[in-house]
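This briefing is for a reader who is new to the structure below. Please look over the sequence and the model before going through the points.

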Amino acid sequence: MKSLRPIALNLILASMASCTTLPQTAHDRFALTGAALDADGMASIGKVPASPWPSVAPPEPGASETGGEIYAREAPPAQVEADARYPFHLFPRSKSAATIVLTSATYGTVLLDHGCFRRADRKGKPGNLVLFDRNAQIGRDSQGYLAVFDSGKPSARVGEPAIWGGYPGANERDPDVRKLREVCGEGPIDAVGIPSSVRLFSLPYPEWVANYARVKKISYQAAWDRAIACMKRREADGTGGLEARDSCIDQYN
């Protein structure tokens, strides 16, 4: 009988453990990779890995005719996953679509600080509040990182270096701006539109890849693979962005 006691005890402990296991909740399903939660359950996200390199080349020039970009009259839903309960206060978007976006590039990083989206200051700390474009969306990318989406595709992760154009400033009468003030307080607001990952923004144009393929007498996809492999090496050596792209493929255009 003594030899059975350890077995019985183990069975009791196992049953107790199974009773205390909670079912998966919606919050668990939408947990964010690389995020930390404060005592109030609000998330903070600092520096994160850059968006992954795409493995498939964009459509070859002339492969399809889009007829130009079409803007929907109604803004898309703010969240890519409509039923997600993300641990932040608000994803603030401008009420009106930008009619003019200045092409001057602005580099920066959008952080999440205790549930409020902010632009990193020169020291990398949370600074000014940010306002996104009317058509921007928020969601998780394929690796679970919180990301800003453009037309249903990840544009930049929250916490990675990004680039955006010159968007109109925040209108204090906009509903989302008012909500932003209520939950995140006063201070300057930077209009960041739809930030684009510096890595993804610097990808070679399809026409450049096609020219590369013709010069090397290889397929379009093979030319893309070579260009991306070259950019990966440049980035590992400390040269990224447009400089890496131009050194890898600009000579063929």
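Predicted model: local features only at pLDDT ≥ 70, side-chain atom pairs only at ≥ 80, totals over all residues.

**Disulfides**

The torsion about the S-S bond of Cys-116 and Cys-184 is about -100°, so this disulfide is left-handed. Cys-116 belongs to strand β5 (residues 116-120) and Cys-184 to helix α3 (residues 175-184), so the pair ties together parts that are 68 residues apart in sequence.

- The sulfur atoms of Cys-116 and Cys-184 are 2.0 Å apart.
- Cys-116 is buried, at a relative accessible area of 6%, and Cys-184 also counts as buried, at 12% relative accessibility.
- Another disulfide joins Cys-230 to Cys-248, with an S to S distance of 2.1 Å.
- The link of Cys-230 and Cys-248 is left-handed, with -85° about the S-S bond.
- Cys-230 sits in helix α6 (residues 220-236) and Cys-248 in helix α7 (residues 241-249), so this pair ties together parts that are 18 residues apart in sequence.
- Cys-230 counts as buried at 9% relative accessibility, and Cys-248 counts as buried at 6%.
- The count comes to 2 disulfides.
- With bonded cysteines counted along the chain, the disulfides follow the pattern 1-2, 3-4.
- In general, a disulfide is a covalent bond between the sulfur atoms of two cysteines.

**Salt bridges**

- The structure holds 8 salt bridges.
- One of them is formed by the side chains of Arg-140 and Glu-81, at 2.9 Å from N to O.
- This pair links distant parts of the chain, 59 residues apart: Arg-140 is in strand β7 (residues 137-140), and Glu-81 is in the loop between β2 (43-44) and β3 (102-108).
- Arg-140 is partly exposed, with a relative accessible area of 24%.
- Asp-141 forms a salt bridge with Arg-157, and the closest N and O atoms of the two are 2.5 Å apart.
- Asp-141 lies in the loop between β7 and β8 (146-150), while Arg-157 lies in strand β9 (residues 153-157), so the pair ties together parts that are 16 residues apart in sequence.
- Asp-141 counts as buried at 10% relative accessibility, and Arg-157 is buried with a relative accessible area of 3%.
- Arg-181 and Glu-186 meet through their side chains in a salt bridge of 3.9 Å, N to O.
- Arg-181 is buried, with a relative accessible area of 16%, whereas Glu-186 counts as exposed at 63% relative accessibility.
- Arg-181 and Glu-186 are also part of a network of salt bridges that links them with Glu-172.

**Nonpolar cores**

- The largest nonpolar core has 25 residues.
- The residues with the most contacts inside this core are Phe-88, Leu-112, Phe-117, Phe-132, Ile-138 and Leu-146.
- Strands β4 (110-113), β6 (126-132), β8 and β10 (162-166) each supply at least two residues of this core.
- Leaving aside residues up to four places away in sequence, Ile-138 touches several residues, including Ala-78, Gln-79, Val-80, Phe-88, Phe-91 and Phe-117.
- Leu-146, Ala-147, Val-148, Phe-149 and Val-158 are also among the residues that Ile-138 touches.
- A second, separate core has 17 residues, among them Leu-203, Tyr-212, Ala-227 and Cys-248.

**Surface**

- Tyr-107, Phe-201 and Leu-242 make a nonpolar surface patch of about 290 Å².
- Phe-201 is found in helix α4 (residues 198-201) and counts as partly exposed, at 42% relative accessibility.
- The protein exposes about 15,100 Å², and carbon and sulfur atoms supply 54% of this area.

**Overall make-up**

- The protein has 7 helices and 12 strands.
- Of its 253 residues, 37% count as buried.
- Among contacts between residues at least 6 apart in sequence, 70% join residues at least 24 apart.

Methods: Residues numbered from 1 in each chain as written. Heavy atoms only, no water. Disulfide = S-S within 2.5 Å. Helix = DSSP H or I, 4+ residues; strand = E, 2+ residues; numbered from the N terminus. Buried < 20%, exposed > 50% of the residue type's maximum accessible area, 1.4 Å probe, protein only. Salt bridge = Lys/Arg side-chain N within 4 Å of Asp/Glu carboxyl O. Core = buried A, V, L, I, M, F, W, Y, C linked by side-chain atoms within 4.5 Å. Contact = heavy atoms within 4.5 Å. Patch = residues over 30% accessible without salt bridge, like charges linked within 9 Å, V, L, I, M, F, W, Y side chains within 5 Å. Areas by Shrake-Rupley, 256 points an atom, 1.4 Å probe, with all protein chains shown as cover.
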